[in-house]
Amino acid sequence: MAEQLPRPGKVVAVHLNYASRAAQRGRTPSQPSYFLKPSSSLAESDGTVERPAGTELLGFEGEVAIVIGTAARRVAPADGWRHVAAVTAANDLGLYDLRTADRGSNLRSKGGDGFTPLGPRLIDAADVDPAALRVRTWRNGELVQDDDTSHLLFDLGRLVADLSQLLTLEPGDVILTGTPAGASVAVPGDVLEVEVDAPTAPGAPTSGRLRTTVVEGDVPFGDFGAAPSIDDEQRAEAWGSREAAGLAPGFELAPELRAALLSVSTATLSSQLRKRGYDDVAIEGVHGVVPGRRMVGRARTLRFVPYRPDLHAAHGGGFTTHKRAFDTLRAGEVLVMEARGELGTGTVGDILALRAQRLGAAGIVTDGGVRDTAAVAAIDIPTFAAGSHPAVLGRRHVPWDADITISCGGAAVQPGDVIVGDDDGVIVIPAALAVEVARDAVEQEREEAFIAEQVAAGASVEGLYPMNAEWRRRYGSWQS
């Protein structure tokens with residue numbers, strides 16, 4: 001490196017820290033979590049990294065690396081940045097093939113020789129705003145990552161403070177602060193480049209391009225340790241999507257499926273689900289804030305626990321799980337909130353509803369209350385709640401976790417389920433059933449339109465509802 005780093009005693013890496021990456025992963029942490037990388041994994045710019053023989057998924061992640069300048073122990077978040085001497089570029093390389101060998105610790109998957117290139121230059125921390133650092137990554141000259149630290153879930157000073165609660169951060173220690181969306185897989189022959197800069201700071205200081213070339217290893221793993229192991233789920237996660245990994249697409253709420261679900265009632269969908277053994281898929285007790293609005297989307301989930309002063313002190317302030325869940329919604333998603341049927345407070349108000357609408361979310365569902373009801377009603381996003389209440393969230397709830405299986409209005413809801421709402425209420429459809437349920441619901445309503453037409457003309461419902469063989473024959477003629 002142009003400015004040689006002292007060999008750090010510790011290299012600490014953050015798991016998830018960019019809103020874009022959390023959205024891509026489909027989970028948003030309420031607090032930062034970490035893993036250690038050995039200092040032997042460090043490498044300089046313009047070097048090579050080996051993809052070991054017999055492996056497939058060498059992942060790359062461009063990151064902002066911060067270098068500790070003065071020892072930090074039990075410092076406050078507001079003081080954390082003062083202990084940082086410099087920032088530079090990092091590439092947090094890792095083998096998805098070895099994640100099953102040490103999931104959580106990441107020692108083998110992330111700790112290989114050359115798996116932590118840093119550099120090539122240091123940027124003086126005193127010259128930059130820690131919330132205005134940009135990180136970009138190129139693969140073979142194509143820009144694949146581009147984000148900045150204003151979009152961090154946990155700011156840089158907070159990371160220093162959090163780690164210092166338990167361990168002393170010493171001069172030279174390095175913290176890798178997370179990667180944005182766009183991280184993917186490199187193959188032998190690829191050239192990876194990462195640059196960190198501060199484009200709004202005087203002189204626009206930069207780390208320069210950290211360049212690493214991937215080469216193929218020729219020494220296979222022995223049979224005296226865990227062998228590389230991957231599946232399609234790992235491939236999709238490593239590449240960023242099933243499509244990028246060359247796999248058949250997973251379930252998507254395609255426009256034609258969305259249109260079919262919007263064309264039928266939740267009553268019809270409930271009937272179709274009951275035929276398949278699903279009797280408890282209605283979210284009980286919720287109604288649209290604005291009658292007549294229909295909703296179809298994929299579920300994101302959020303859970304509250306009952307208010308308790310110590311829990312609220314730890315989880316109820318700042319950029320909470322509640323706010324992060326709204327802030328990371330993607331187009332077409334419905335945020336479903338578990339509020340235990342508690343109606344003594346609001347779980348969503350006008351500001352967060354507006355944020356969801358601006359992000360293109362398809363709707364909001366809570367088995368708790370909504371506040372700012374008139375303002376929420378004026379925002380163009382379907383919102384379904386169990387009632388209204390003027391009090392703020394913290395009166396009865398603590399935001400706890402997101403993107404997990406929850407219970408809302410007595411119904412189990414998993415991230416990715418299909419959520420449909422209308423004036424009758426809200427239905428949860430397991431994604432694997434959505435296509436066939438929609439198809440059969442459309443046919444059911446076509447049949448019911450025929451039956452209603454006959455009843456309106458004076459026919460008895462006997463033999464008609466449900467249709468016997470003769471009425472089936474007439475129905476066939478009616479359709480043609």
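**Close-up views of a predicted model**

**View 1. Asp327 and Arg355 meet through their side chains in a salt bridge, with N and O 2.6 Å apart.** A salt bridge here is a side-chain nitrogen of Lys or Arg within 4 Å of a carboxyl oxygen of Asp or Glu. The pair links distant parts of the chain, since Asp327 belongs to helix 9 (residues 321-327) and Arg355 to helix 10 (residues 350-358), 28 residues apart; helices (H or I, at least four residues) and strands (E, at least two) are DSSP runs, numbered from the N terminus. Asp327 counts as partly exposed at 28% relative accessibility, and Arg355 counts as partly exposed at 34%, where buried means under 20% relative accessible area, exposed over 50%, and partly exposed in between (1.4 Å probe, protein chains only). This is a predicted model, in which local features need pLDDT of at least 70 and side-chain atom pairs count only at pLDDT 80 or more, while totals for chains, interfaces and linings use all residues. Residues are numbered from 1 along each chain as its sequence is written, and side-chain values use heavy atoms, with hydrogens and water left out.

**View 2. Lys110 and Asp92 form a salt bridge whose closest N and O atoms are 3.2 Å apart.** Lys110 lies in helix 3 (residues 107-110) and Asp92 in the loop between strand 7 (84-91) and strand 8 (94-95), so the pair ties together parts that are 18 residues apart in sequence. Both Lys110 and Asp92 are buried. A search of the whole structure finds 36 salt bridges.

**View 3. Asp46, Arg134, Arg136, Glu193, Glu195, Asp197, Arg209 and Arg211 are linked in a network of salt bridges.** Within this group, the side chains of Arg209 and Glu195 meet at 3.4 Å, N to O. Arg209 sits in the loop between strand 14 (191-197) and strand 15 (210-216), whereas Glu195 is in strand 14, 14 residues apart. Arg209 is partly exposed at 33% relative accessibility, while Glu195 is buried, with a relative accessible area of 10%.

**View 4. Helix 12 (residues 434-456) has 23 residues and reaches 32 Å from its first C-alpha to its last.** That reach is close to the 33 Å expected at 1.5 Å a residue, the expected span being 1.5 Å times one less than the number of residues. Among the buried residues of helix 12 are Ala434, Val437, Phe450 and Ile451. The buried residues of helix 12 pack against helix 6 (255-262), helix 7 (266-275), strand 28 (418-422), strand 29 (425-429) and helix 13 (469-479), with contact meaning heavy atoms within 4.5 Å. Gly458, which follows helix 12, has a positive phi, near 110°.

**View 5. An open sheet of 7 strands has the order 2-1-12-6-7-9-3 and mixed pairing.** Strand 2 (34-37) and strand 3 (42-43) stand at the edges, each with a single partner strand, so one side of each is left without a neighbour in the sheet; two strands pair if DSSP finds at least two bridges between them. Strand 1 (residues 11-14) and strand 12 (residues 174-176) pair in the parallel sense over 3 bridges, and Ala13 stands opposite Leu176 in strand 12.

**View 6. Strand 25 (residues 397-402) is mostly covered, with 5 of its 6 residues buried.** Strand 18 (residues 295-306) runs antiparallel to strand 25 and is joined to it by 5 bridges. Pro399 in strand 25 is the bridge partner of Phe304.
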